[in-house]
Amino acid sequence: MTSDGGHRGVAVTPPSDTAPSSRASSRPFTLAAWILLAYSAAVAVFGAFVRASLSGDGCGASWPLCDGQVLPLAPTAKMAVEFTHRVSSGLLILGLAGLTVWAYRAFRSDGHVWKAAGVALGTSFVSALIGALLVLFRWVTNDASAGRAVTMPLHLVNNLVLFAALALCAYWSAGGQKWAWKGQGQVAGALRWAAGGMVALGMTGAISAMGRTAFEHELKGASTLVQRLMLHVGEGAHPLLRGGVVHPLIATSVGLLIVWACGLVVEQRPRPEVRFWARATVGLFLFQFVFGLANLLMSAPVGMQLAHLALAIGNWLTLTMLAAHALVPAAQVGEASSLRAEAPAVAAGGGGYMALAKDYVALTKPRVVSLLLFTTVAAMIVAARGWPGGWLILAVSIGGYLMAGAANAFNMSVEEDLDLAMERTAKRPTVTHRIGKRQAQAFAWVTMTVAFAVLWSGANLLSAALALCGLLCYVFVYTLWLKRRTWHNIVIGGAAGAFPPLVGYAAVSGALSPLAWTLFAVIFTWTPVHFWALALLLKDDYARAGVPMLPVVKGERVTAEQIGIYAVLTSLVCVVPFVQGQAGLTYLAGSVLLNLGLLAQSLRLFLHTDRPHARALFKFSMAYLALFFIVVAVDQAARWPA
C-alpha cells in the first residue's frame, strides 16, 4: 500500500463531499480500518491452517466452549490451535464492532463509510456462525460430507465480502471517490464478470482444499505424481477429489476473463490509477496461477496452501481497488462521452408468442450447435466404448445445447454493430431489435445457469465445468478479445469449439484420457480450415464490418496457404491415436481416407482460389468432421465390445 493510505490517484479524482481538513482528521480511522483488514486476512489464513493441520476438532464438538471449558487449562496441540483461532475471531468481531460505531459517529453524513463497516461486522458474525456449524456438526478434519462441501465455499465467499467491505471502508474514509455502478456501460459489466469469476474460482478452491484435507492419508500414501493424479482423475476417484481437477480448469478460464476485463477497463478509463490497479490485478493473478500449479505438483504442503490463500485474498483486494477507481461518476472526471448509454429495449415485433419464441431460439444458433452436439455424443460413445445410455445422452445433449446456445446469445448481444454491417447476419433478432440487448443477455445468463445445473446433475461436475470453460473461451477469448483485433482470432479463439468432445467424454468417464485430448486437438486444427473457407465466401461482409479476418488482412492467396498448412496439421494429429495404440485398423482406414479428401480439397483451393472451390472445401469440412467422429466411435465400439 502507498503512504497515503494505499490509494493511488486520490488526488487525481478529488472527492466531492470531503474537505482536506476532514480527511486529515479521519486518518486514525483509516489506519484502523487497514489494520483490521490485515488482521482479518491473517485470521482467515490461520483458519486455513486449522483445516490443513486437522485441528478443527481440537475443542471437540462443543461451541462456544472449548471441550466444555471457557479456558482450556492443559490444552493439546490441536486444542491450542483451534482455541487460538476462536479467540482471534472473537477479537476481530470486537474490533469490527468498535470500527462500526466509530464510523457511524465520525461519518454519519457519509453513508458509504459506516455502511461498509457495518457490512464487515455483519459478515464477521456470519463467519462465526459458519464456524459453529462446522464444529457442532463435526464437519472438520477428515469429514467428506455434502454439508461440509456446501459450507466451505460459502464461508470463503462470506470472507471475500468482508475483505472488500473493509478495503472500501478504509478507501472511502480517506477521501476516495464513491463508486457509481449506473451509467458505466461495459466497464461495470466487465468488472462484474471478473468479480464473479474470482468468486467461482475461490469456491472451487475451497472444495479442492477440503478434498486435500479429507483425503490426507490417501494423498500422502501416493508416492509418485502419477499416483496422486489418478486419485483425482482415476475411475475410482472420490467426487471431492475429482472436483479438485475443476479448480485449475476454472483458474485458466478466469485468468483469460480477468485479462480481458482489465484490458477493457483500462481502455475505457485510461487514468494512471486505473492502469496501476489493473496491472496489479493481472500480475498478481498470473503469479498466483503459477504458484498454484507448483502447489499442485508438490502435493500442496501446508505452507504453500496458506500462501496460495493469502495471494488469493490479495488478488481479490486489487480487483476491489480497481473497481473503486474505475467506477467513479463519469461527469466528475470528464468521461461522460466515453460511456455508452444502454439502448432502450424494443418490444418484440408482431407475430405473438410463437414469433418471439422463434427469435429466442434463433439466439442459440441451432444449426451451428447441431455439429457441436454431434461431436459431443460421438465422444460419449467413444468413452463408453459402446452405447452410454439414453438418459445420459439426453441430459448431456440438453445441457450441451443450452450452454452452446448461451454462448451464442452472449455473442449476439455484444456484436450488434458487426451483425448490422454484415448481410448474412443483418436479420438477427438483436439487430432488428425484436429482442433487446438486455433481454438477450438475461436469456444467456439463465440458459448458462440451467445448462450447468443439467450437466452437473445429469452427468458430473467435470463435464459441466468443461462446458462452462468452452463458453468463457468463446465469449471472452474469441468474441470480446481477439475477433476485432487480429486475424489469429479463429486460430486461438476457435478452441472453444473443441470443448464439446471433452464434455461428452468426461460425462461418461468422469475423467479425460489422452484420446479425449486428441479429439480436442483434431477440432482445434480443423477449425481454421473450415472457418477460413467460409471467410473466403464472406470476405466482403467482413471487410464492411471491419473484422480483421485472414482473407481481408492478408488476401485470398495467403488464406489458401494457411488452410493447406492446417489441413496438414489436422492429418498429422489424426495419426496420433493409432500410433499410441488407442485406435485400431478401422480408425486408421477411415481416418486416412478422410484426410486424403481434406488435403485434396485444400490443394484444389490453393491451385484455384475462387468462390466455388472455397464453397466445396467448406461443405466437405463439415462432412469431414461428422464422418471422422463416426469412424472414431465405430472403431472404439468394435475394439472394446461391451
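**View 1. Helix α14 (residues 390-414) packs with helix α16 (residues 437-458), their axes coming within 8 Å and crossing at roughly 155°.** The model is predicted: local features need pLDDT of at least 70, side-chain atom pairs count only at pLDDT 80 or more, and totals for chains, interfaces and linings use all residues. Residues are numbered from 1 along each chain as its sequence is written, and side-chain values use heavy atoms, with hydrogens and water left out. Helices are DSSP runs (H or I, at least four residues), as are strands (E, at least two), numbered from the N terminus. Axes are lines fitted to C-alpha atoms, for helices over the stretch in contact; angles run from 0 to 180 degrees between N-to-C directions. α14 and α16 are therefore roughly antiparallel. The classes are roughly parallel for angles under 35 degrees, roughly antiparallel over 145, roughly perpendicular from 65 to 115, and oblique for the rest. α14 passes α16 in a left-handed crossing. A crossing is left-handed if the near helix is turned anticlockwise from the far one by less than a right angle, and right-handed if clockwise. The contact of α14 with α16 has 20 nonpolar, six polar and one charged residues. Here Ala, Val, Leu, Ile, Met, Phe, Trp, Tyr, Cys and Pro count as nonpolar, Asp, Glu, Lys and Arg as charged, and the others, Gly among them, as polar.

**View 2. Helix α3 (residues 77-106) packs with helix α4 (residues 111-136) at an angle of about 160°.** The axes of α3 and α4 are 8 Å apart. That makes the two helices roughly antiparallel. α3 passes α4 in a left-handed crossing. From α3, the contact (heavy atoms within 4.5 Å) includes Glu82, Arg86, Ile93, Leu96 and Tyr104. From α4, it includes Val113, Trp114, Leu121, Phe125 and Val135. By class, the contact of α3 with α4 holds 14 nonpolar, three polar and two charged residues.

**View 3. Helix α20 (residues 514-537) crosses helix α25 (residues 611-639) at roughly 165°.** The axes of α20 and α25 come within 7 Å. α20 is thus roughly antiparallel to α25. The crossing of α20 past α25 is left-handed. The residues of this contact divide into 19 nonpolar, three polar and two charged.

**View 4. A disulfide joins Cys59 to Cys66.** The S to S distance is 2.0 Å. A disulfide is a pair of cysteine sulfur atoms within 2.5 Å. By this rule the count comes to one disulfide. The torsion about the S-S bond of Cys59 and Cys66 is about -80°, so the disulfide is left-handed. Cys59 and Cys66 are both buried. Buried means under 20% relative accessible area, exposed over 50%, and partly exposed in between (1.4 Å probe, protein chains only). Cys469 is in no disulfide; its nearest cysteine sulfur, that of Cys473, is 8.9 Å away.

**View 5. Cys469 and Cys574 are both buried.** Cys469 has a relative accessible area of 4%. For Cys574, the relative accessibility is 2%.

**View 6. Leu156 sits in helix α5 (residues 146-173).** Leu156 is buried, with a relative accessible area of 18%. Leaving aside its neighbours within four places in sequence, Leu156 is in contact with Gly202, Met203, Ala206 and Leu309. Leu156 and Gly202 are 46 residues apart in sequence. Their C-alpha atoms are 6.9 Å apart in space.
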